[in-house]
Amino acid sequence: MLTNTRTAPSISAVDISNDMSAIRRLLIAAAINSRFCASLLADPGCTVQKGFGGEQFHLSETALRLIDSIRAASLSEFVQELNTCFSNHLLSHEYTRAIL
């Protein structure tokens, strides 16, 4: 007798809570300090790596790459671009993958 067993695919995801925490702190620093904000808009990757007020923003390589790719004229535009970048990558194989 043949039986047909079906299993649902499981999904594995990388925990990005550390990235989100660092990004929140990064955006707060940009909101409260105009020089830091200008630096973030001009050169996001370098600004993140330098930190702010003795604080470092520990991000994954993927998150740092995404932030470094953003080009924006204002902090609100930066946040919109950041949201778009992360939304697209959260759905890609960078952060999640289905294991069949």
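Me: How many aromatic pairs does the structure hold?
Reply: The structure holds two aromatic pairs, where rings of Phe, Tyr and Trp (its six-membered ring) pair if their centres lie within 6.5 Å, and planes under 30 degrees apart count as stacked, over 60 as edge-to-face and the rest as tilted. Phe36 and Phe52 form a tilted pair, 4.9 Å centre to centre with 55° between the planes. This is a predicted model, in which local features need pLDDT of at least 70 and side-chain atom pairs count only at pLDDT 80 or more, while totals for chains, interfaces and linings use all residues. Residues are numbered from 1 along each chain as its sequence is written, and side-chain values use heavy atoms, with hydrogens and water left out.

Me: Where do Phe36 and Phe52 sit in the chain?
Reply: Phe36 is in helix H2 (residues 34-42) and Phe52 in the loop between helix H3 (44-50) and helix H4 (61-68), 16 residues apart; helices (H or I, at least four residues) are DSSP runs numbered from the N terminus.

Me: And the other pair, with Phe57?
Reply: Phe36 and Phe57 also form a tilted pair, at 6.0 Å centre to centre and 40° between the planes. Phe57 lies in the loop between H3 and H4 and Phe36 in helix H2, so the pair ties together parts that are 21 residues apart in sequence.

Me: Switching topic, is Thr47 buried or exposed?
Reply: Thr47 is buried, at a relative accessible area of 4%, where buried means under 20%, exposed over 50% and partly exposed in between (1.4 Å probe, protein chains only).

Technical notes
Helices (H or I, at least four residues) and strands (E, at least two) are DSSP runs, numbered from the N terminus.
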